[in-house]
Amino acid sequence: MHLGPGFRGVQVVGSLTVVSAEPFHPEPGTAGSGPSRLIAGARFLLRSVSHVAAVPVFFSYGAVLALLNPRRGTPVPAEISEVLRPWTADLEWPRVRIVAPALIPTGHLGVTIGHRIYLRSRPEPLDVRWRDLVLHELAHVRQVERMGLLGFAHGYGVEWARTLSYRDHPMEIEARNSAGHSARFTDAAPPTTDRG
Ligand SMILES: [Zn+2]
């Protein structure tokens, strides 16, 4: 009789249907339901657009910061550059300028555009958190030197669109790890200054 095989066929199709509709471990943006498909689609679109938009967005934001903070900036304070030099020896120090306190409309503590570092707080070279923030931004300067300004702008935007977070952004992870070095010349390890 063909009833047996036919029945098993229905079972297989039924199982597949169940698995497809209710995954046991749905991942954000990958599950099969309508809203999550929409999110997955939106994220795919964002990742695609980021390849084209990353550079213009970066330079537009840089222009806004320059307009809001029309100052040349100051070199990195000696108190900081002296202690940080061992970890940033490969940096083009003379090109680095710090603009602080700066107006940063996106609410970040610090933003690095090329060799120009915008910091929301006023310079406090003896404050370990401020040093840590500078070291974090100097890591971004080093990325700029390594990748070139266009490469940095493109890479940062594309990774932002992919991760949608500071925590998982590979260039932010690198900067946070770099900032961790400041604990070596201070008594207490400071909290990591994220947001930048
Ligand atoms: Zn950062």
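## Where α4 meets α6

Let's start with a helix contact: Asp132, Leu135, His136, Ala139, His140 and Gln143 in α4 meet a set from α6 made up of Met171, Glu174, Ala175, Arg176, Ser178 and Ala179. Keep in mind that this is a predicted model. Two packed helices are described by the angle between their axes and the distance between the axes. Here α4 and α6 (residues 170–179) have axes that come within 8 Å and cross at roughly 130°. That makes the two helices, α4 and α6, oblique to each other, and the crossing of α4 past α6 is right-handed.

His136 sits in α4, which covers residues 128–147, and His136 counts as buried because 27 C-beta neighbours fall inside 10 Å. Across from it in the model, Glu174 is 38 residues away in sequence, yet the C-alpha to C-alpha distance between His136 and Glu174 is 8.7 Å.

## The other helix pair, α2 and α5

A second pair to look at is α2 (residues 34–68) with α5 (residues 149–163), which pack at an angle of about 135° with axes 8 Å apart. At that angle, α2 and α5 are therefore oblique to each other. As for handedness, α2 passes α5 in a right-handed crossing.

On the α2 side we have Leu46, Arg47, Ser50, His51, Ala53, Ala54, Val55, Val57, Phe58 and Phe59, and they meet Leu150, Ala153, His154, Tyr156, Gly157, Val158, Ala161 and Arg162 from α5.

## A three-stranded sheet

Now for the strands. They form an open sheet of three, ordered β1-β3-β2, with mixed pairing. The edges belong to β1 and β2, each of which has a single partner strand, so each has one side left without a neighbour in the sheet. On average, neighbouring strands of this sheet are turned by 20° against each other, direction ignored. The sheet also has a helix on it: α4 packs there and touches β2 and β3, with its direction making about 25° with that of β2.

Strands of a sheet pair through backbone hydrogen bonds, either parallel or antiparallel. Both kinds turn up here. β1 (residues 97–99) runs parallel to β3, and the pairing covers three bridges. Within that pairing, Ile98 stands opposite Ile117 in β3, and Val99 stands opposite Tyr118 in β3. β2 (residues 110–113) pairs with β3 in the antiparallel sense over four bridges, and Val111 has Tyr118 of β3 as its bridge partner.

β2 and β3 make a hairpin with two residues between them, and Gly114 in the turn has a positive phi of about 65°. Most residues other than glycine have a negative phi, and most peptide bonds are trans. Two spots in this chain go against that.

One is Leu164, which isn't a glycine but has a positive phi of about 55°. Leu164 lies in the loop between α5 and α6, and Leu164 counts as partly exposed because it has 15 C-beta neighbours inside 10 Å. The other is the peptide bond from Ala100 to Pro101, which is cis, with omega near 0°. Pro101 has its place in the loop between β1 and β2.

Stepping back, the chain has six helices and three strands. Read from the N terminus, the elements go α-α-α-β-β-β-α-α-α. Of the 196 residues in the chain, 23% are buried. Among contacts with a separation of 6 or more, 60% come from residues 24 or more positions apart.

On confidence, the average pLDDT over the chain is 80, and 74% of the residues score at least 70. Residues 1–26 have pLDDT below 50, and this stretch has six contacts in the model beyond near neighbours in sequence. Residues 184–195 also stay under 50 in pLDDT, and the model gives them 21 contacts beyond four places in sequence.

Definitions and conventions:
Residues numbered from 1 in each chain as written. Predicted model: local features only at pLDDT ≥ 70, side-chain atom pairs only at ≥ 80, totals over all residues. pLDDT = per-residue confidence, 0-100. Contact = placed C-beta atoms within 7 Å. Pairing = 2+ DSSP bridges. Buried ≥ 20, exposed ≤ 12 C-beta atoms within 10 Å, placed from the backbone. Axes fitted to C-alpha atoms, helices over the stretch in contact; angles between N-to-C directions. Parallel < 35°, antiparallel > 145°, perpendicular 65-115°, else oblique. Left-handed = near helix turned anticlockwise from the far one by under 90°.
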